[in-house]
Every structure is written in structure tokens, then in C-alpha cells.
Amino acid sequence: MQPISWLLSFTGFHRQDAWHERPVPGSPGIKRRRRTLTSPDDDDGNGDAKEVDKAQKSNSSFEEETAITKVLKSVDPSLLDDSPGGVNALTRKGTILMTMCSCLGFHALRLILRDAFFRSASSTRPNTLLKRKVAEHYLLSAIHAFGCSYFSLRKFLSGRWNSPVGSEAMLCFSLGYTSYTLCALKTQLLSDPLWALNELGNFVKIWSCLRAQGVGWVVPMLFSAEVPTAFLDTLRMLAEFGIQPSHIVWRMFLGAFTLSFVSVKAIALPAILGYFVLRPQDYPELHQPAFLPAKLAILARAFLNYLWLSIVARHWVPTRHFHPEGEYLISRREERLPRLREITPNMGQVIQHIRKAYNPMSLLFFSVLQGCYFVGPAAIPAILYALARRPKYRMAAGSVLAMLGIMAVWPMHMERPYRTASTPMAALLQKWLRERLLRYFSFKAIFEEPLQKDRRYMLAVMPHGVIPFASTCLSIALEKEGFVPNSIGADILFQIPLLRQLCRFGGLVPATPQSIKRALTWPYPNNVTFIVPGGIAEIFLMRPDLEQVFIKSRKGFVRLALQSGVDIVPVYGLGHTQLFTMLDKSSALGGFLMRMSRRFKVSLPLSYGRLGMPLVPYSKPIAALVGKPIRIEKAYSNPPEELVNDIHAQFIAELQRIFEKHKGIVPGYEHKQLYLEDEAVPPLQKDAMATDVLFPSSMPDPKGQVPRSRL
């Protein structure tokens with residue numbers, strides 16, 4: 001390392017001695033700022049005082065803690081650098097934390113964009129999925145580029161380009177985009193080394209700036225490199241809107257992109273940074289050890305920019321570059337993809353969808369459900385820890401634990417039929433929640449035959465999905481006709497405090513043989529009982545490209561119906577497989593989770609919905625297809641196996657019939673096929689993004705062929 005350090009010091013690229021000789025305490029750049037802030041006319045007796053006042057003012061604003069710094073200090077002071085001058089500098093631990101948080105933020109942003117703009121892209125054709133994923137990453141790239149460009153241009157136009165205000169927030173913002181891009185496109189790292197080097201260099205540059213002291217003033221200058229990217233993203237948008245390359249608007253933005261790339265990335269940025277770096281006495285903060293990786297990354301990216309320009313200079317074809325035909329700004333693969341307007345709704349539909357799906361009360365409802373399922377059980381160890389090790393919180397923790405204990409043993413009166421809310425306030429709340437749920441899913445119900453009030457029914461709903469919302473919505477629809485259905489829920493739901501009260505409030509009954517038999521005997525209005533035969537095993541059959549049910553080996557519900565003498569009604573919940581993104585059993589981890597879930601009788605799927613939350617579904621349409629009832633004329637104390645098999649076969653046939661007849665009412669299901677659990681299904685298609693050219697900027701070679709390199 002000594003020869004490398006000597007070489008860097010000899011060339012003036014990195015003078016570490018200048019950093020060690022900086023004036024402390026205070027900002028490393030106080031000397032420079034005094035000279036730049038002093039007016040040339042201030043040579044009277046008060047000039048020195050004005051200079052000191054301005055310097056102190058700049059220094060105090062420079063060292064003022066940002067909001068991010070204050071939050072991190074309140075969480076853990078070890079996340080911040082406590083050395084002199086390191087007010088807003090982060091430690092390695094703090095930088096890792098900010099990387100994770102900002103990366104998750106961009107992932108949530110991508111999910112929001114997908115839900116808002118691409119919810120109608122429910123087709124599972126490879127080209128449609130590829131187009132959706134490319135468009136999602138393009139939108140993220142445009143948001144990042146325009147955000148950084150606005151920050152940089154605002155600093156320059158306001159005359160405060162060397163002000164560090166807002167620099168730390170923009171560094172975290174850019175770090176999130178870069179880290180998420182590397183994670184989401186990890187398969188591109190080996191297939192395209194130049195793209196990987198460019199993105200890794202950008203990540204190292206931002207990481208180093210967050211860890212360095214007193215370099216916030218240089219961040220606006222570094223982010224000016226995103227201005228050409230903003231013009232490039234504008235060209236991509238014009239291509240999606242159908243603007244021809246010969247159009248004057250296209251030519252104007254192509255010229256702006258070329259001019260900004262050459263002037264900013266190739267000339268101005270290297271020259272200005274080189275000027276600052278070669279003056280170590282005035283800018284010692286640029287020679288601290290923490291900033292060395294940033295300088296090396298900037299040097300590597302500058303080399304890539306010059307390489308890109310050399311390719312353009314050697315293979316410049318005006319008719320090709322000013323009239324790109326899918327080779328310069330748009331890859332050849334994208335020419336075969338559907339147009340963006342074909343898979344996205346119009347802006348009016350987007351606004352209407354966002355108002356409905358992102359209603360705060362709807363999100364609050366699902367967040368409460370999620371909190372009861374996950375946060376409640378997870379809080380018990382924290383409560384026990386507070387009781388044992390935190391005397392200051394012992395009383396509060398004991399009170400919460402006592403309240404949870406009371407709710408866990410509070411009698412639920414499962415032996416009697418469920419009735420609707422008894423008080424006007426509870427009835428109003430129940431009605432409001434149920435109407436909100438129906439609107440959230442744009443629910444539809446199709447009945448082959450109407451249900452009669454003088455007969456008892458078992459409605460067997462399939463598939464289960466992560467949560468069988470079709471069963472819940474159909475129950476709400478039947479209540480409008482006078483029925484008060486009973487819903488069978490997993491027994492584990494009635495073991496969790498608060499969640500058991502919410503389940504009973506919604507009309508659920510534990511999934512035990514005694515409870516089910518009791519519910520099947522209740523008369524009108526409780527003469528309808530919902531059951532989901534697929535259970536936990538069916539959750540892990542979810543795939544976005546097909547429908548699969550776990551029914552061939554499930555005959556227990558048929559036997560219960562025969563013993564109780566109730567009609568069996570097949571119900572297919574159309575749309576369950578698009579409410580969550582889930583890891584199915586085809587993967588090693590998904591298969592392990594399925595085995596653990598079946599063993600412990602609790603669902604443990606690795607899934608997420610809106611905003612990346614595990615129990616907040618996407619706001620997509622679902623429908624309940626209610627088939628013709630299978631009549632059971634009398635009760636059998638011990639039903640014969642032949643009769644069970646015959647009724648079971650009728651159930652499967654009716655389920656398949658209603659699926660094929662009505663599957664087109666939910667967008668994206670027109671071409672889906674229904675498989676049973678023992679039938680061979682086609683393999684899950686490989687992720688189309690693994691072979692996609694996401695950010696194409698390839699140049700034609702002299703023979704007219706496009707090389708694979710992209711910068």
C-alpha cells in the first residue's frame with residue numbers, strides 16, 4: 001500500500017497530509033470559505049470583522065445538524081462520526097442502516113408505481129411482464145434523475161452551489177436508488193461488466209460522501225452528472241408517447257442530451273473537480289481517507305464516459321443517431337414489447353384508483369389486521385424483557401401483559417349463532433367497514449342459482465390465497481339479502497389476543513369438527529356456512545400465471561356435509577392469486593415454509609402486498625363464482641365412501657365448470673388454466689428481466705451490428 005499512497009501523493013491526487021494539517025476544531029474548509037465569502041471591497045477597518053462574521057455564519061450553518069443526523073443520534077449515537085468536524089458524517093454502521101432504509105424506500109416506491117400504473121398489466125405473457133418491469137425501472141430512473149437534477153440546478157441558479165444544506169438527504173436518496181438497482185438487477189452484474197462498473201462506482205461515490213467530513217458542498221456538483229440522464233429519460237418517454245425521431249421535439253431533447261453529456265460529464269465536472277483536488281491546502285476535506293474511494297469512483301466513471309464518447313466518435317452515423325431505429329436509445333428487444341399505453345390505464349383511472357386504494361382508512365384497516373397478526377405475538381417477548389430488565393417500564397409492560405391475558409381468555413360464546421352488531425354504533429362501524437372492503441376490491445358475485453332461506457348450505461370456497469377475501473366479500477353480499485353467514489377460520493386465529501375478538505366480530509368460527517358441525521345445524525339467517533377446504537397447503541400453490549387448487553385429497557368437508565344433511569355449493573374466488581406477491585412451493589424456501597406451516601398448523605407464507613406489507617393486499621378486482629348447489633336430501637351418521645367420492649367428484653366438476661364459464665370477468669384471467677394439485681403444471685417462467693437490456697445505450701459498429709456493451 002505504501003507505493004500506491006506515495007504515487008497518489010506525488011501526483012497530487014490524494015494528499016493525506018493536507019487533511020491531517022487542517023484547522024480543527026471547526027469545518028475543514030473554513031479557510032477556503034473565508035476567502036470566498038470576503039468581498040474585494042472590504043479592505044477598510046471593518047473588513048476583517050465582516051470576513052470573520054461571514055465565515056462564522058457559513059461555518060455554523062455548515063455544521064448545523066440535519067434532520068437525518070438528529071434522528072440517527074436519537075436512535076443510536078454510534079451511527080454518527082464523533083470526531084472533530086464530523087457533525088453529519090456517518091460511521092460504517094450508520095451508512096449500512098441508511099442504505100437498507102433507502103433501498104426499502106425505493107422498493108416500496110416501485111410497488112406503488114406498479115400498483116398505480118401497471119395493475120391492468122395482469123397478462124402473464126413474457127413480453128408483457130418484461131415491458132412492465134422495464135417501465136418500472138425506467139420510472140425509478142426518471143424519478144432519481146429529475147430529483148438530483150432539480151437539486152443541483154436549484155443550487156447553481158440560487159448562487160449557493162457550495163451550500164451543504166440538503167446534501168445529506170439527497171445522498172441518502174441517491175444511495176437508495178443505486179443500491180436498489182444493484183439488488184434488483186443483480187443478474188446484470190456478470191453479463192455486463194461495464195454497466196456493473198458504472199453502477200458500483202456510483203454506489204461507492206455516494207457511500208464515501210456520506211462517510212466523509214465536510215464534503216456536503218461538493219454534492220450539488222456531483223449530482224449535476226444526472227442532468228444528461230434526465231434528458232435521456234425524457235427521450236424514452238417521448239418514444240413511449242409515439243413521438244417520431246424526426247420530430248423537432250425529439251431532435252431538441254436529443255441535442256440537449258448530447259450537449260449536456262459532453263459539457264457536464266466530459267468537460268466541466270472533471271475539470272472543476274480536478275481544480276479542487278489539486279489545491280489541497282484550500283480544500284483539505286477532499287483529501288481525507290474517507291473520500292478517497294469517491295475520487296477513485298469518479299475517475300473510473302469519467303473513463304467510462306470518455307470510452308462512450310470514443311465509441312460515438314468512431315461510429316457516428318448521423319442518419320442513425322438523429323433518427324434512432326431501436327438501436328441507440330431503445331433496444332431491439334424493446335421493439336417487440338407491447339406499447340406502454342397498452343398495459344397502463346389512463347390518468348383519470350390512475351387518479352381514481354389511487355383515491356380508492358390509498359385511502360388512509362382502508363390502509364388503517366389492513367394495518368390493524370396485520371398488526372394483530374404479527375405485532376401482537378412479537379410484542380410479548382419485548383414485554384417480558386421490559387418486566388425483567390427495565391424497571392422504568394415495568395408497570396406499563398405489566399398492564400399491557402395483563403390486558404392481553406384477559407383478552408386471551410375472554411369468553412367468545414362460540415356455541416350460539418353469530419348475530420350482527422347489537423348496538424347502533426357497532427352496527428354503523430360494521431357497515432362502514434364492509435362497504436369499504438367491497439369497494440376496495442371492486443367485488444362482484446355471480447350466482448348460478450339463488451340460495452333459499454329454507455335450506456342449509458356449506459359454501460366451499462377455493463382457492464385459499466394468502467387471505468380468502470372472496471369468502472369475506474361474498475359473506476357481506478349475502479348479508480344484504482338477509483343471511484348472516486358463518487365463516488370457518490383457522491383455529492390459530494382464536495388463540496391470539498385482540499385478533500380473536502376481531503375474527504368473532506366478523507362472524508368467524510374456529511375450524512374444529514365440533515364448531516363446524518354446530519354451525520351447520522343453525523337455521524336461517526345463519527343457514528349459510530363458509531369453509532375453505534384447501535387450507536394451508538393451497539396457500540403455497542399460488543402462482544401468477546395459472547390457477548391451482550388443493551382438492552383431490554380433501555374429502556372431509558364432503559363427509560361433514562353428508563353427516564349434517566346440508567347442500568354443498570362450490571365457490572371459486574377469482575382474483576385471489578393477484579392480491580399478493582408470494583414465494584410458492586416450487587422454490588426451496590417456499591417448500592420449507594409450506595412444510596413448517598402444515599406441521600405447526602399456522603400459515604407462514606413469504607408474501608407481500610401493497611407497500612411491501614405482508615397482509616395489506618393490492619386493490620385489484622375479485623369475484624365470487626357461486627356454482628349450483630349439490631343437493632343432500634338427508635343426513636348420514638356414517639356416510640358410505642362411494643357416496644363421498646361421488647359427491648366429491650361432482651364438486652370438482654362443478655368447480656371447473658364455473659371457472660371456465662366466468663373466468664373472463666376479472667381482467668387477466670381470460671387465458672388462465674385451472675389445475676388440480678396432482679396435475680402436472682408448466683414450469684414457472686424465468687424472470688424476463690434476467691436477459692433484458694434495461695438501460696440500453698449501445699452503439700452500432702462499422703458493420704451495422706449492435707455490440708452488447710452499455711454505458
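**Helix pairs and annotated segments in a predicted model**

Biologist: At what angle do the axes of helix 24 and helix 26 cross?

Modeller: This is a predicted model, so let's keep that in mind as we look. Helix 24 covers residues 513-520 and helix 26 covers residues 556-564. Their axes come within 10 Å of each other, and they cross at roughly 45°.

Biologist: Is the crossing of helix 24 and helix 26 left-handed or right-handed, and which residues of helix 26 meet helix 24?

Modeller: Helix 24 passes helix 26 in a right-handed crossing. Helix 24 brings Ile516, Lys517 and Leu520 to the meeting, and helix 26 brings Leu560, Gln563 and Ser564. The contact residues divide into three nonpolar, two polar and one charged. From helix 26, then, the names you want are Leu560, Gln563 and Ser564.

Biologist: What do the buried residues of helix 26 pack against?

Modeller: Those buried residues are Phe557, Val558, Leu560, Ala561, Leu562 and Ser564. Helix 26 is followed by Gly565, which has a positive phi near 70°. The partners of the buried residues are helix 24, helix 28 (641-662), strand 2 (457-462), strand 5 (528-531) and strand 7 (567-574).

Biologist: Now another pair: how is helix 21 oriented to helix 22?

Modeller: Take helix 21 at residues 424-441 and helix 22 at residues 469-479. Their axes come within 10 Å and cross at roughly 125°. That angle makes helix 21, relative to helix 22, oblique.

Biologist: How many residues in the contact of helix 21 with helix 22 are nonpolar?

Modeller: Helix 21 passes helix 22 in a left-handed crossing. Arg434, Leu437, Leu438 and Phe441 of helix 21 touch Phe469, Thr472, Cys473, Ile476 and Glu479 of helix 22. In this contact two residues are charged, one is polar, and the nonpolar ones number six.

Biologist: How far apart are the end C-alpha atoms of residues 253-278?

Modeller: An unreviewed UniProt entry annotates "transmembrane region" at residues 253-278, 290-313, 363-387 and 393-410. In the model, residues 393-410 are 89% helix and 0% strand, with end C-alpha atoms 26 Å apart. Residues 253-278 are 96% helix and 0% strand, and their end C-alpha atoms are separated by 35 Å.

Definitions and conventions: Residues are numbered from 1 along each chain as its sequence is written. This is a predicted model: local features need pLDDT of at least 70, side-chain atom pairs count only at pLDDT 80 or more; totals for chains, interfaces and linings use all residues. Side-chain values use heavy atoms; hydrogens and water are left out. Axes are lines fitted to C-alpha atoms, for helices over the stretch in contact, and angles run from 0 to 180 degrees between N-to-C directions. Helices (H or I, at least four residues) and strands (E, at least two) are DSSP runs, numbered from the N terminus. Angles under 35 degrees count as roughly parallel, over 145 as roughly antiparallel, 65 to 115 as roughly perpendicular and the rest as oblique. A crossing is left-handed if the near helix is turned anticlockwise from the far one by less than a right angle, and right-handed if clockwise. Contact means heavy atoms within 4.5 Å. Ala, Val, Leu, Ile, Met, Phe, Trp, Tyr, Cys and Pro count as nonpolar, Asp, Glu, Lys and Arg as charged, and the others, Gly among them, as polar. UniProt positions are given in the numbering used here, feature names are shortened, and annotations may be inferred rather than shown by experiment. Buried means under 20% relative accessible area, exposed over 50%, partly exposed in between (1.4 Å probe, protein chains only).
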